[in-house]
Amino acid sequence: MKDFEHELARMMRDTQTNTPFEAQHRQRLHAGVRARRRVRTVWMATGSALTIAGLGVGLEVLPSASAQGSPTVPHHQPTSTTVPVPIPTRTCTTVPVPIPTHTSTTVPVPIPTRTCTTAPAPIPTHTSRTK
């Protein structure tokens with residue numbers, strides 16, 4: 001049995017030696033490799049194009065589908081109306097000051113004064129309806 005194993009191991013080693021391919025076989029192998037690369041490139045380009053087209057269609061369909069469909073959750077409408085808050089009115093009067101007849105650096109010049117009164121704003125009435 002030992003001789004059989006040695007002979008088998010020797011035969012396996014002998015078949016592992018490199019034998020060069022002939023020119024026609026090398027050309028055929030190179031053509032096969034080039035064809036495989038072309039197929040792989042076309043496959044990748046097709047997959048990418050389909051992915052981009054699918055995403056484009058999805059982005060076009062999703063917003064329009066959500067806009068056309070009725071909402072699944074009812075949205076509550078506000079029950080009260082909002083009235084703008086009135087701004088208080090303000091009236092101002094300026095008290096005229098007589099102009100001095102002579103101007104001197106030692107005499108202070110009077111400054112005109114302004115008095116303002118603010119009228120209270122009317123209280124808004126709140127209208128509210130409850131359902």
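Is Glu7 buried, partly exposed or exposed, and what is its relative accessibility? In this predicted model, Glu7 counts as partly exposed, because its relative accessibility of 36% falls between the limits of 20% for buried and 50% for exposed residues.

The protein chain contains 2 helices and 2 strands, arranged along the sequence in the pattern α-α-β-β. Of the 131 residues in the chain, 0% are buried. The accessible surface of the chain amounts to about 13,100 Å², and carbon and sulfur atoms account for 64% of this area. When contacts between residues at least 6 apart in sequence are considered, 61% of them join residues at least 24 apart.

The structure has 1 salt bridge. This salt bridge is formed by Arg10 and Glu7, whose closest N and O atoms are 2.3 Å apart. Side chains of opposite charge can pair when their charged atoms come close. Both Arg10 and Glu7 belong to helix α1, where a separation of 3 residues corresponds to about one turn of the helix.

Leu8 is one of the residues of a nonpolar surface patch, together with Met1, Phe4 and Met12. The accessible area of these residues together is about 480 Å². Leu8 has a relative accessible area of 38% and is therefore partly exposed; this value is over the 30% required of a residue in a patch.

Methods:
Residues numbered from 1 in each chain as written. Predicted model: local features only at pLDDT ≥ 70, side-chain atom pairs only at ≥ 80, totals over all residues. Heavy atoms only, no water. Patch = residues over 30% accessible without salt bridge, like charges linked within 9 Å, V, L, I, M, F, W, Y side chains within 5 Å. Areas by Shrake-Rupley, 256 points an atom, 1.4 Å probe, with all protein chains shown as cover. Salt bridge = Lys/Arg side-chain N within 4 Å of Asp/Glu carboxyl O. Buried < 20%, exposed > 50% of the residue type's maximum accessible area, 1.4 Å probe, protein only. Helix = DSSP H or I, 4+ residues; strand = E, 2+ residues; numbered from the N terminus. Contact = heavy atoms within 4.5 Å.
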